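Me: I'm new to this one. Can we go through it step by step?

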Amino acid sequence: MTKITRRATLAGAAASALLPFVKTPPAYAAAPLAEKQNASFYRYNVGTHQVTVVCDGVSTVNLADNYAAGATKDEINKVFAEHHLPTDKVTHTFNPVVVNTGPKLVVIDTGLGPDQFAQTKGKVGQFHNNLAAASIDRAAVDTVIISHFHGDHINGLLAAENKPAFANAEILVPAVEWKFWMDDGEMSKGMGNPILENNFKNIRRVFDALGRKVTQYESGKEVAPGITAVASPGHTPGHSSFVVASGSEKVLVQVDITAGAAFLFVKHPEWNIASDVDKPLAQATRRKLYDMAIAEKMPIQAFHAAFPGLVRVEKDGAGYRWIPSIWNASL
């Protein structure tokens, strides 16, 4: 049994009396919150080709009542709720890709560009910065393939002060797309329609800054080593998707077969986003390409899916569903 002496008690009391005067280490404030995301890129292999998904950013805006043509607000809200998303906001993701084929370094679509980067304080327009973070030099790009002429796909053709962003690259554009948007008669007919009018003006701005130096391509043909253009009209007249193939492996780069909050139009291919120029044709194209991907067991690289946008598609009732995929990611 421990014996507590009077001397020990007095010593303890003296020590306790000194405690308030003992100097303690200073308290430090919490770390400041980060102001931006890390650089976003993701690589995987298709045979001997290497695909790098380079995120252009993410934007969140208020969800309009007429966001999906052919659907009521309640029907739209139901799909958002099923995906555990707020029903008053919509988030858009932008995922251009780079394909290193060995002989060629190829960019497919270019994001919203540096002007939007400045206007949104870096929320979108990140493609150029994330290319550099992924150790991809814009000057080393041999070919830029454009799927269609909406701003989130062509604006990144320009760098600061409207200079060409890919100075050494050949710019490939769909022939049907070029014919439609560069036709002055079509532009005249589009005036008064806010979506079409803004598209026509922006398209002229971008390609005029490049001196309209482009090479037009036809669908159904190989436009770069192992990259074949697939006609997928409806979203725009000359909209193109791409099959990237090497050996026995391939992936469908679907671009805007489903645009905006893409999952909405995957589940309901009979609905349309406002920017679909030919809505019935867009619906038919959606089903055609998804049925092809299912039949060929082909993964999909989706421009507007949550980063990195690599998915597989399955039938789901009258529509489809995406399953996030990590496919052949070994480097």
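Me: How many helices and strands does the protein have?

Reply: The secondary structure comes to ten helices and 18 strands. Keep in mind that this is a predicted model.

Me: And how much of it is buried?

Reply: Of the 331 residues, 48% count as buried.

Me: Which residues have the most contacts inside the largest nonpolar core?

Reply: They are V144, F149, L157, F166 and F207, in a core of 32 residues. Elements that each supply at least two residues of this core include β7 (105-108), α4 (127-133) and β9 (170-174).

Me: Which helix gives the most to this core?

Reply: That is α8, with five residues.

Me: What does V144 touch?

Reply: Leaving out residues up to four places away in sequence, V144 touches V107, T110, L157, F166, A169, E170, I171 and L172. There is also a second, separate core of 26 residues, and V97, Y217, F242 and L310 are among them.

Me: Switching to rings. How many aromatic pairs are there?

Reply: The count comes to twelve. One of them joins F94 and F303 edge-to-face, 6.4 Å centre to centre with 75° between the planes.

Me: Are F94 and F303 buried or exposed?

Reply: Both F94 and F303 are buried.

Me: Which residues do ring pairs link into a cluster?

Reply: F149, W178 and F207.

Me: Last one: what sits over the ring of Y320?

Reply: The charged end of K315, 4.5 Å from the ring centre.

Conventions: Residues numbered from 1 in each chain as written. Predicted model: local features only at pLDDT ≥ 70, side-chain atom pairs only at ≥ 80, totals over all residues. Heavy atoms only, no water. Core = buried A, V, L, I, M, F, W, Y, C linked by side-chain atoms within 4.5 Å. Buried < 20%, exposed > 50% of the residue type's maximum accessible area, 1.4 Å probe, protein only. Helix = DSSP H or I, 4+ residues; strand = E, 2+ residues; numbered from the N terminus. Contact = heavy atoms within 4.5 Å. Phe/Tyr/Trp six-rings, centres within 6.5 Å; stacked < 30°, edge-to-face > 60°. Lys NZ or Arg CZ within 6 Å of the ring centre and 35° of its normal.
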